[in-house]
Amino acid sequence: MTVVVVVIFVALAVVFTGRNTSTAHVPATTKSSPSLSSSATGATPKFPASYSQKIDDYLTDTLDSIEQRKEGYENMRMEAQMRATSSYRIAADGTHEPVTMRNVDNVQMETGKYQLTVYCIGEGNTDIDFSIDGTSKHALLQCSADDVSQSKLNIDTDGMTSERSVTIKPSKHCESMIGYQLLYYKQQ
């Protein structure tokens with residue numbers, strides 16, 4: 001009887017605390033990343049703390065440079081970013097399931113260049129798709145456990161566009177921390 005009550009309690013806890021973590025989008029003003037613990041097992045992917053810190057350092061350095069209007073950053077602004085996030089979650093059976101991160105915005109965009117920079121550290125690779133209305137860019141980013149790898153994709157727009165999307169799809173065996181920034185470069 002006690003076992004049944006415990007099982008029901010755990011099942012209810014999973015239902016009320018479970019979250020859909022397949023889409024990860026963190027606005028520029030947010031400093032945390034979504035939790036990717038598995039609601040079925042309670043297990044969280046394990047990475048060295050330095051992985052998250054290294055990616056977040058890149059994000060913070062760029063944001064600080066923009067805010068301080070350092071040379072080369074005068075005509076930029078941060079559009080969106082995602083802090084270091086695990087490329088996978090742990091399924092109920094203990095296997096690693098890749099987590100596709102997708103962000104779609106419907107906003108009026110100014111004339112200029114938009115640059116997506118994706119960062120990763122760990123093992124494996126990830127597909128990156130960046131799209132503004134009909135223009136798309138694609139890259140395959142190979143992650144390394146030794147240092148942060150990065151890929152930059154640029155799209156110019158005439159200011160008449162209203163939809164942009166970022167999709168980051170880790171490979172089946174990717175075990176990395178991933179983050180990104182989307183910057184806007186004002187046309188001069």
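User: Before we start, how are helices and strands set here?
Analyst: Helices (H or I, at least four residues) and strands (E, at least two) are DSSP runs, numbered from the N terminus. This is a predicted model, where local features need pLDDT of at least 70, side-chain atom pairs count only at pLDDT 80 or more, and totals for chains, interfaces and linings use all residues. Residues are numbered from 1 along each chain as its sequence is written, and side-chain values use heavy atoms, with hydrogens and water left out.

User: OK, where does Asp61 sit?
Analyst: Asp61 is in helix H2 (residues 49-67).

User: Switching to rings: how many aromatic pairs?
Analyst: Four aromatic pairs, counting rings of Phe, Tyr and Trp (its six-membered ring) with centres within 6.5 Å; planes under 30 degrees apart are stacked, over 60 edge-to-face and the rest tilted. One of them is Phe47 with Tyr51, a tilted pair at 6.0 Å centre to centre and 35° between the planes.

User: Why is the Tyr114 and Tyr184 pair called tilted?
Analyst: Because their planes stand at 45°, with the ring centres 5.0 Å apart. That pair links distant parts of the chain, 70 residues apart: Tyr114 is in strand E5 (residues 112-123) and Tyr184 in strand E10 (residues 175-186).

User: Are those two buried or exposed?
Analyst: Tyr114 and Tyr184 are both buried.

Note on methods: Buried means under 20% relative accessible area, exposed over 50%, partly exposed in between (1.4 Å probe, protein chains only).
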